[in-house]
Amino acid sequence: MLLSNTARFRIFRRRKNTRSTSLSKELNRLIHTSDPTVRKAFNAEMQSFTKLHSRYLTDKDSRRDLDWEKILTPDTDQIVSYDQLPKTADFRALSKLAILKFNGGLGTSMGMSGAKSALEVKDGMTFLDLIVKQVEHLNKTHGVDVPLLLMTSFNTHEDTSRIVQKYANQPIKISTFNQSRYPRIFADTLKPCPNHARGDKKHWYPPGHGDLYESLVRSGILDRLLAEGKEYLFVSNSDNLGAVVDQKILQHMVNTSTDFLMEVTNKTKVDVKGGTLIQYDGSLRLLEIAQVPSEHVDDFKSVRKFKIFNTNNLWINLKALKMVMTNGSMDLDIIVNPKVTDDGQSVIQLETAAGAAIKHFKSARGINVPRSRFLPVKSCSDLLLVKSDIYSLKNGQLIMNSNRMFGNVPVIKLGDHFKRIRDFQARFKKIPTIIDLDHLTVAGDVRFGRGVTLRGTVIIVANEGQRIDIPDGCVLENRTVFLYFTRGTTKLTWDCQGWSPETVI
């Protein structure tokens, strides 16, 4: 028997209400296991999670997907060209600016277990060292007092709080605040994984940088900034070394009364999975690959239709943000992130992206910026580039070497032997000179000596069981080297003329 639409709706509502009631019971139980001194804050987090979970159930049961045919490329007036920005900027606008860095990442993709921002990336300086130096220079140069905010996660909060103490005597205001901590849910039952509020960390997760807005309100940071006369917030990832304050962008916000600006840049082959701006139902929206139906993933990756991607450098008018948050919670598009735990259980993390807030602001635009404003360090391949002579440091900012031809950067692909930071550091006695390098691929057990120079296209591949040592002072230019033996284990050293076997086992 076919059910009417009304009957189906009733079944849907009854199923949703049953699951919502079950979730409420589970979360109430969790709340009562929390430390009484933080129970109020924990309760607020669980209420926010309940709303997110409820929206997820609604979207899941009603199968709300984007209508692919309604997705349009943004109009030309919705994406501002960087070349159109004011040529000069009034430094007094800086007195109304605050800077916020997302600082919740652990750098697990690089084999790290602590706060990623504590990693040394250039000339013995960490991400945080460079950020602090940039803000100090900005304040000193213009006689302003731009504060630095660090949004941490429960994974990085203690590390970060300890690290920032070393800046206590420096002329800069640094504040840290913790973003939400949400429970993972089981993929089959959609119930929370943890049994206790202070249970195993593996059952909890930070719900993405879209949690920024709720966390700013809950922590009191938003009201504090407004009380201090701050009107604009520049937001970016702490591992994006290109994300420095650009006074021309700030001046554009002031001149045009823009409420929300998202920096985008042109896509390349390595950026095809990056979120992009679209026009949907008459407004700008951020489209992430996780939201794309499987049959349209190839379309999403195409640079013909989607030519730009989100750098996650955001400029926000704080008064406009206050108004949006006062009028109701900011419902951001949910990103469903499936995971498998170490013991083989399938779980789900419900996350949101900060850029998705663009649809909630009346005056919002994208701005197409130079690629130099997007320089993230997500892997050891990225780290090699940043550590190399391609860049130098000036007031905490990376500056490209003027001797670099064409102004682009080389493509660097390091294999699994270089994946973890500990292994990366062990395989380079010193970072090679790569000012004239176009492409580098390294696979297998390869180690580099001191004073090595790489030019043009260099490909080095050691087969399993083989080891290649590039000796001190060696110059490799347009070399393709494959080492392949079927038996034994051989350690070979390149002497710039050929291979010299040292030991054969």
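1. In the charge count used here, Lys and Arg are taken as positive and Asp and Glu as negative, while His and the chain ends are left out. On that basis the protein chain of this predicted model carries 72 positive and 54 negative side chains. The centres of these two sets lie 3 Å apart.

2. As to secondary structure, the protein chain contains 11 helices and 27 strands. Its radius of gyration is 25 Å, close to the 23 Å given by the globule rule for 505 residues, so the chain is as compact as a globular protein of that length. Along the principal axes, the C-alpha atoms of the protein chain fill a box of roughly 80 × 60 × 50 Å.

3. Of the 505 residues of the protein chain, 50% count as buried. Among the contacts with a separation of 6 or more, 68% are made by residues 24 or more positions apart.

4. The accessible surface of the protein chain amounts to about 24,800 Å². Carbon and sulfur atoms account for 49% of that surface.

5. Where is Val38 found? Val38 belongs to the loop between helix H1 (5-31) and helix H2 (39-62). The relative accessible area of Val38 is 46%; because this value falls between the 20% limit for buried and the 50% limit for exposed, Val38 is classed as partly exposed.

6. Val38 and Asp423 are 385 residues apart along the chain, and their C-alpha atoms are separated by 40 Å.

Notes
Residues are numbered from 1 along each chain as its sequence is written. This is a predicted model: local features need pLDDT of at least 70, side-chain atom pairs count only at pLDDT 80 or more; totals for chains, interfaces and linings use all residues. Side-chain values use heavy atoms; hydrogens and water are left out. Helices (H or I, at least four residues) and strands (E, at least two) are DSSP runs, numbered from the N terminus. The radius of gyration is taken over C-alpha atoms; the globule rule is 2.2 Å times the number of residues to the power 0.38. Buried means under 20% relative accessible area, exposed over 50%, partly exposed in between (1.4 Å probe, protein chains only). Contact means heavy atoms within 4.5 Å. Accessible areas come from the Shrake-Rupley method with a 1.4 Å probe; for residues, only the protein chains shown count as cover. The place of a charge is taken as NZ of Lys, CZ of Arg, CG of Asp or CD of Glu.
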